[in-house]
Amino acid sequence: MEIIVDGYNVLKSTPLQGVSPFPDLDGGRIYLLDLLAEYKKLKGHSIKVVFDGWSRGGLSELKEKYKGILVIFSRRGETADDLNKRMSKDGRGRAVVTSDRQIVDYVRQHGAESISSGDFYLTLTTM
């Protein structure tokens with residue numbers, strides 16, 4: 001199974017909503033990516049994490065690997081939501097982690113599963 005994670009949406013779902021436990025945004029991303037790397041070791045799923053790059057991103061998506069996780073920053077002018085939709089259009093064998101109702105509806109209409117960010121975060125932190 002391929003899991004597509006809305007990175008900032010999951011980070012906003014931590015128990016400390018509105019109060020960042022991280023020194024900066026990079027710290028939050030690394031924290032999430034480390035949790036996902038451990039999850040990948042246990043479950044073996046392919047994992048892609050999408051972050052918004054629309055306001056400061058490049059003309060194309062920025063892709064990098066982190067401990068076996070594909071990290072994607074959307075290109076300038078494209079939100080992570082847009083990228084999640086594009087990546088899940090052929091939904092078979094995919095699950096999208098987000099609590100954004102519009103994205104949940106879209107991915108389900110295209111045959112993908114959806115997992116709420118809060119539920120997934122709880123799974124990551126109780127392994």
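Modeller: In this predicted model, a contact means heavy atoms within 4.5 Å.

Colleague: What percentage of the contacts in the chain with a separation of 6 or more comes from residues 24 or more positions apart?

Modeller: The chain has five helices and six strands, and along the sequence they follow the pattern β-α-α-β-β-β-α-β-α-β-α. Among contacts with a separation of 6 or more, the share from residues 24 or more positions apart is 47%.

Colleague: Which element gives the largest share of the largest nonpolar core?

Modeller: This core has 21 residues, and Val5, Leu32, Leu36, Ile47, Val49 and Phe120 have the most contacts inside it. Two or more residues come from each of β1 (2-6), α1 (7-11), α2 (25-43), β2 (46-51), β4 (69-73) and α5 (117-125). The largest share, six residues, comes from α2.

Colleague: Which residues does Val49 touch, leaving aside those up to four places away in sequence?

Modeller: Val49 is among the residues with the most contacts inside the largest nonpolar core. With residues up to four places away in sequence left out, Val49 touches Val5, Gly7, Leu32, Leu33, Leu36, Ile69, Leu70, Val71 and Ile72.

Colleague: Is Ser116 buried, partly exposed or exposed?

Modeller: Ser116 lies in the loop between β6 (113-115) and α5, and touches Val97, Thr98 and Ser99, not counting residues up to four places away in sequence. Buried means under 20% relative accessible area and exposed means over 50%. The relative accessible area of Ser116 is 28%, so Ser116 is partly exposed.

Colleague: How far apart in space are Ser116 and Arg101, C-alpha to C-alpha?

Modeller: Ser116 and Arg101 are 15 residues apart in sequence. In space, their C-alpha to C-alpha distance is 9.5 Å.

Key. Residues numbered from 1 in each chain as written. Predicted model: local features only at pLDDT ≥ 70, side-chain atom pairs only at ≥ 80, totals over all residues. Heavy atoms only, no water. Core = buried A, V, L, I, M, F, W, Y, C linked by side-chain atoms within 4.5 Å. Buried < 20%, exposed > 50% of the residue type's maximum accessible area, 1.4 Å probe, protein only. Helix = DSSP H or I, 4+ residues; strand = E, 2+ residues; numbered from the N terminus.
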